[in-house]
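Hi everyone, thanks for coming.

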Amino acid sequence: MSSAVILINAAAAVCLVFAFFKNRRKTRRSIIVATRSFLRILPLVLMIIVMVGLFSSFIPPSEIMKFIGAQAGWSGILAIAALGAVLHIPALISYPLAAALLRSGAAIASVAAFITTLTMVGVVTLPLEIKELGIKLTLLRNSLSFILAVIIALIMGMVL
Amino acid sequence: MNIQNTEKTRKQNSSPRKIFRDYLIFGAALAAGLILLLIFPDKKEAAAAATWSYFREMMAILPAVMIIMGLFSVFISKDQVVKYLGKASGVKGPVLALFFGALPTGPLYIAFPLASALIKKGARISNVVVFISAWACIKIPQELVELQFLGFEFMGMRLLLTIFFVILMGLLIEQLVSQKKPKKSPRQ
């Protein structure tokens with residue numbers, strides 16, 4: 001077992017014990033909520049895992065490197081950042097995909113750009129955001145977030 | 001404030017029909033994968049090994065992540081978030097915005113009406129932007145899964161950079177928005 005696994009499970013256990021002593025009824029409700037959201041996200045998780053498994057055995061690392069590897073440079077980062085902005089998949093299930101990309105030769109900057117735009121920029125949720133927060137704030141936030149994601153990715157690529 | 005409305009959307013989104021549909025999609029993906037592997041039997045071993053290893057990695061943490069999410073969503077109400085964040089000022093503002101944004105309390109489409117309620121309550125635009133961004137990309141369960149799959153260095157570095165730039169972006173957007181419409185920020 002990796003240390004991340006131990007840490008995450010220990011954190012959950014501590015929270016659970018603490019919550020139990022604070023309010024039993026609420027804790028029971030939390031566990032029901034947790035079970036429900038687990039069952040809700042499970043099919044998506046399983047699907048992405050099957051796809052990632054196939055993907056990493058069918059697509060050779062050389063192809064991935066060509067498009068989003070270190071030598072792909074700017075165009076690779078921008079392309080995958082744009083993909084992340086348009087795609088609407090829960091971040092939780094994007095990490096196995098990100099890990100597979102990284103293990104098969106994608107540049108750190110590309111993977112960082114993908115995850116960051118995936119979460120920060122939401123093309124699909126634009127109408128809802130405009131409705132609630134107005135067009136100006138929404139467009140400013142999303143376009144600046146895209147630029148920031150690329151900057152964050154470039155810094156990560158240089159340091160790591 | 002139409003938090004109730006979003007609650008409804010959330011319920012519809014998690015209706016048994018949609019979950020059933022998701023399981024069907026997973027079934028289809030699995031079937032397509034199996035057919036593909038029948039056509040290319042030499043890939044079978046690598047694909048099975050990769051799938052199994054990702055499955056194990058995910059299942060080792062997913063229940064725990066869901067428990068943490070469930071606890072936070074029940075114990076911290078949306079009204080509490082609006083109450084504390086609406087009047088936060090100074091350094092406390094962005095810190096609280098980050099904190100409440102990062103607490104795992106649901107998908108992004110719940111954050112928009114909350115943010116709108118915050119603006120109406122007179123919260124600073126910069127804090128609202130930090131709040132939405134934190135909600136979108138610094139969620140605690142998300143960071144935990146990132147830690148598991150991409151390692152401590154990657155996760156920690158991306159987290160620090162994101163916090164820094166998100167606060168910067170909040171201040172910048174506040175400047176841009178209030179320059180043209182100074183009346184729109186009802187601060188005392």
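Let's begin with one helix pair: helix α2 (residues 24-58) of chain A packs against helix α4 (residues 62-75) of chain B at an angle of about 130 degrees, with the axes 7 Å apart. Helices here are DSSP runs of H or I, at least four residues, numbered from the N terminus, and axes are lines fitted to C-alpha atoms over the stretch in contact, with angles from 0 to 180 degrees between N-to-C directions. That makes α2(A) oblique to α4(B), oblique being what is left after under 35 degrees (roughly parallel), over 145 (roughly antiparallel) and 65 to 115 (roughly perpendicular).

A quick word on conventions: this is a predicted model, where local features need pLDDT of at least 70, side-chain atom pairs count only at pLDDT 80 or more, and totals for chains, interfaces and linings use all residues. Residues are numbered from 1 along each chain as its sequence is written, while chains are lettered from A and ligands numbered from 1 in the order in which they are written.

Which residues of α2(A) meet α4(B)? Among them are A:Ile31, A:Val33 and A:Phe38, and the α4(B) side includes B:Met66, B:Leu71 and B:Phe75. Contact means C-beta atoms, placed from the backbone, within 7 Å.

Zooming out, 64 residues of chain A are in contact with 65 residues of chain B. On the chain A side, α2(A) gives the most, with 25 residues.

Finally, the domains: chain A is divided into domain 1 (1-58) and domain 2 (61-160), with bounds from an automatic or database domain assignment. Their C-alpha centres lie 25 Å apart, and 8 residues of domain 1 are in contact with 7 residues of domain 2.

Notes
Two residues are in contact if their C-beta atoms, placed from the backbone, lie within 7 Å. Helices (H or I, at least four residues) and strands (E, at least two) are DSSP runs, numbered from the N terminus.
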